[in-house]
Amino acid sequence: MAMERTLILVKPDGVRRGLVGEILSRFERAGLEIVALRLIQADVERIERHYPSSQAWLESVGLKTKEAYEREGLDARDLLGTAEPAAIGCIVKSWLAAYMTEGPVAAAVLSGNRAVEQVRKMVGHTFPNASAPGTIRGDFSTDSPEIANAEKRSIHNLIHASGSAEEAADEIALWFGGEL
Amino acid sequence: MERTLSIVKPDAVDAGNAGNILGMIEKAGLRIVAMKLVHLTKEQASGFYAVHKKRPFFKSLLKYITSGPVVISVLEGDDAIERYRKLMGPTDSTKAPKSTIRGKYGTDIEANACHGSDAPETAATEIAYFFNAFEFVKPGRK
């Protein structure tokens, strides 16, 4: 057994839609243990720390968004006032902060065999429209990047899950501090 | 508008039914406005169950409620206390209808999956026992 811990956040759209219990029950059913749980109204500062802000991350996120706009025949410069990947990355991060603070989130730490990978599989693809049925995002959302980008907002994808064991350690410290 | 205190007890958390029970609460339209997972100490549990101190079942109750983590939450809604009591079902799980939390996830009169406040005064006391003002959120649902 490779026992691991991972962090999930049921995002404000998931809490608002009454999906906290549904989402937690899926992880419990898979044999993962809930070792911490808290309902939290996050502030912008916490969300800024939750997501990376390195130049490389901002550029990568900005470039992906710019390309998504181009695929839809939209001009990032017209819509966002800039075509610079890093600047678009900053705008995307501000959308994330708005989304993640629009209502409470349910933060939980899950423990189990290869928990990080297991939870990511159950959560599904970042874009709900690309998520397989049976995953949390695939079963409860059809949101997609072209709608979100046109509305100048983050994709509403219900849940966050740590991407690696290192990320999990940082995120657990951020959301639960000395509690664990 | 009313608030009530809910505890998903150790038997239900241990059996992996915390999500199922929270799901029943959300589906019933009760809004969760504060929530945390806690492993109660003997002292915390004795304080909470102080009214039962002289009852014969007190020692067993303490042992059970401190046997593992619990999910404590504050539920809000019109008539929340009575609605949650109906959703939980009778204290004795063996007498609880299958449509209730205890009917589905309880075992007997002690291991009965959940606690809910029984009146506005006890709700206020119980909520203040476990939560401070900073732990409440604005309801996520209309």
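Analyst: The account below begins with the conventions, turns to the helix pair, and then widens to the surrounding chains.

This is a predicted model, in which local features need pLDDT of at least 70, side-chain atom pairs count only at pLDDT 80 or more, and totals for chains, interfaces and linings use all residues. Residues are numbered from 1 along each chain as its sequence is written, while chains are lettered from A and ligands numbered from 1 in the order in which they are written.

The pair consists of helix H2 of chain A, residues 20–29, and helix H2 of chain B, residues 18–27. Helices here are DSSP runs of H or I with at least four residues, strands are runs of E with at least two, and both are numbered from the N terminus. The axes of H2(A) and H2(B) lie 7 Å apart and form an angle of about 165 degrees; axes are lines fitted to C-alpha atoms, for helices over the stretch in contact, and angles run from 0 to 180 degrees between N-to-C directions. The two helices are therefore roughly antiparallel, a label for angles over 145 degrees, where under 35 is roughly parallel, 65 to 115 roughly perpendicular and the rest oblique. Their crossing is left-handed, meaning that the near helix is turned anticlockwise from the far one by less than a right angle, clockwise being right-handed.

From H2(A), the contact draws on Val20(A), Gly21(A), Glu22(A), Leu24(A), Ser25(A) and Glu28(A). Facing them are residues of H2(B), among them Ile21(B), Leu22(B), Met24(B) and Ile25(B). Two residues are in contact if their C-beta atoms, placed from the backbone, lie within 7 Å. By class, this helix contact has seven nonpolar, five polar and three charged residues; Ala, Val, Leu, Ile, Met, Phe, Trp, Tyr, Cys and Pro count as nonpolar, Asp, Glu, Lys and Arg as charged, and the others, Gly among them, as polar.

Within H2(A), the buried residues are Val20(A), Gly21(A), Glu22(A), Ile23(A), Leu24(A) and Phe27(A). Buried means that 20 or more other C-beta atoms, placed from the backbone, lie within 10 Å of the residue's own, exposed that 12 or fewer do, and partly exposed falls in between. Just after H2(A), Gly31(A) has a positive phi of about 100 degrees.

The contact between the chains as a whole takes 19 residues from chain A and 21 from chain B. On the chain B side, H2(B) and strand S2 (31–38) are the elements that give two or more residues, and H2(B) gives the most, with ten. The residues on that side comprise eleven nonpolar, five polar and five charged.

Chain A itself has ten helices and four strands, arranged along the sequence as β-α-α-β-α-α-α-α-β-α-α-α-β-α. Of its 180 residues, 42% are buried, and residues 24 or more positions apart supply 70% of its contacts with a separation of 6 or more. Its C-alpha atoms fill a box of roughly 50 × 35 × 30 Å along the principal axes.
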